Amino acid sequence: DREWYLNRLVEADLEAPLPLRIHLMVPAPSALAERIVANPDDYRRLTPRIDITHLKFFIDGALGSRGAFLSHPYADDPITSGIERMNHEELRRHAMATLDAGFDVASHAIGDGAVTTALDVYAEILADRPQLRPARLRIEHFSYAQPRDIARAAALGIVTVANPDFVSPDDSGHTMAESRVGSGHSERLYVVGSLMAEGARLAFGTDYSVEPLPPLEGIYA
């Protein structure tokens, strides 16, 4: 239960103050996310060191499990293009409610199809709310995108979060470019340089603890 872990973290900080500030993203849609949006003042500042800042929506899955939502079939499994876990209207509705509650929006979008959905929704929100700071909208794991979406992400000014360690081969020595998207699409995978060249608002992350956590390893990658 997500709230159980949240409560344990708060208890740990109150018992012995943590030596760092924590800004939490809560997975959504979820029962906890619904409670947060309904009662934002109860959740925004949990302790002097722990805040909830974002709800994180999952538009698709991961490349490794072939759950990332692609615009084409997987190179090593042509019967699937991945899983679209949230469509345009679902993401827009939840994102607007999140912003109205005073929290920021992050979207897990790894496949190029999911990235397009996130950008379509973000563009609509920014057009409807020109006073909204674009940096309140993020795409987590900006891994694989159409060239036009790389440029569009930069133009919109949203935060694009890349995970440098994702370029590492798997246990079999294969990279995602070789095994999942295929050589014909590999130039669109993990395009940190292209994001930088377009002037995108770029951030790095280590992702979950299945990846190497030391920051210098990410910088090296």
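**Backbone exceptions and helix packing**

I start with R66, in the loop between strand β2 (50–58) and helix α4 (88–100). Helices (H or I, at least four residues) and strands (E, at least two) are DSSP runs, counted from the N terminus. The model is predicted, so local features need pLDDT of at least 70 and side-chain atom pairs pLDDT 80 or more, while totals for chains, interfaces and linings use all residues. Numbering starts from 1 along each chain as its sequence is written, and side-chain values use heavy atoms, without hydrogens or water.

Back to R66. Its phi is near 60°, which is positive, and R66 is not a glycine. Most residues other than glycine have a negative phi, and most peptide bonds are trans. R66 has 27% relative accessibility and so counts as partly exposed. For these words, buried is under 20% relative accessible area, exposed is over 50%, and partly exposed is in between, with a 1.4 Å probe and protein chains only.

H141 also has a positive phi, about 65°, without being a glycine. It sits in the loop between β4 (137–140) and α6 (147–156). Is H141 buried or exposed? With a relative accessible area of 4%, H141 is buried.

Next, a peptide bond. The one from A28 to P29 is cis, and its omega is near -5°. P29 belongs to the loop between β1 (22–28) and α2 (31–38).

Now the helices. Helix α1, residues 2–15, has 14 residues and reaches 20 Å from first to last C-alpha, close to the 20 Å expected at 1.5 Å a residue. The expected span is 1.5 Å times one less than the number of residues. Which residues of α1 are buried? They are E3, L6, V10 and D13. These cover an arc of only 85° around the axis, so they lie on the same side of α1; the arc is that of the directions from the helix axis to the C-beta atoms. On the other side of α1, Y5 and E15 are exposed. The buried residues pack against β1, α2, α3 (40–43) and β2, where contact means heavy atoms within 4.5 Å.

T47 is in the loop between α3 and β2 and is buried, at 3% relative accessible area. Leaving out residues up to four places away in sequence, T47 touches V10, D13 and L14.

Helix α5 covers residues 112–128, and its 17 residues should span 24 Å; the end C-alpha atoms are 24 Å apart, which agrees. Twelve of the 17 residues are buried, so α5 is largely enclosed by the rest of the structure. Among the buried ones are G113, A118, Y122 and I125. The buried residues of α5 pack against α4, β3 (104–108), β4 and α6.

How do α5 and α6 cross? Their axes come within 10 Å and cross at roughly 30°. Axes are lines fitted to C-alpha atoms, for helices over the stretch in contact, with angles from 0 to 180 degrees between N-to-C directions. The two helices are therefore roughly parallel (under 35 degrees; over 145 is roughly antiparallel, 65 to 115 roughly perpendicular, the rest oblique). The crossing is left-handed, meaning the near helix is turned anticlockwise from the far one by less than a right angle. Residues including V115, L119 and L126 in α5 meet residues of α6, including R152 and L156.
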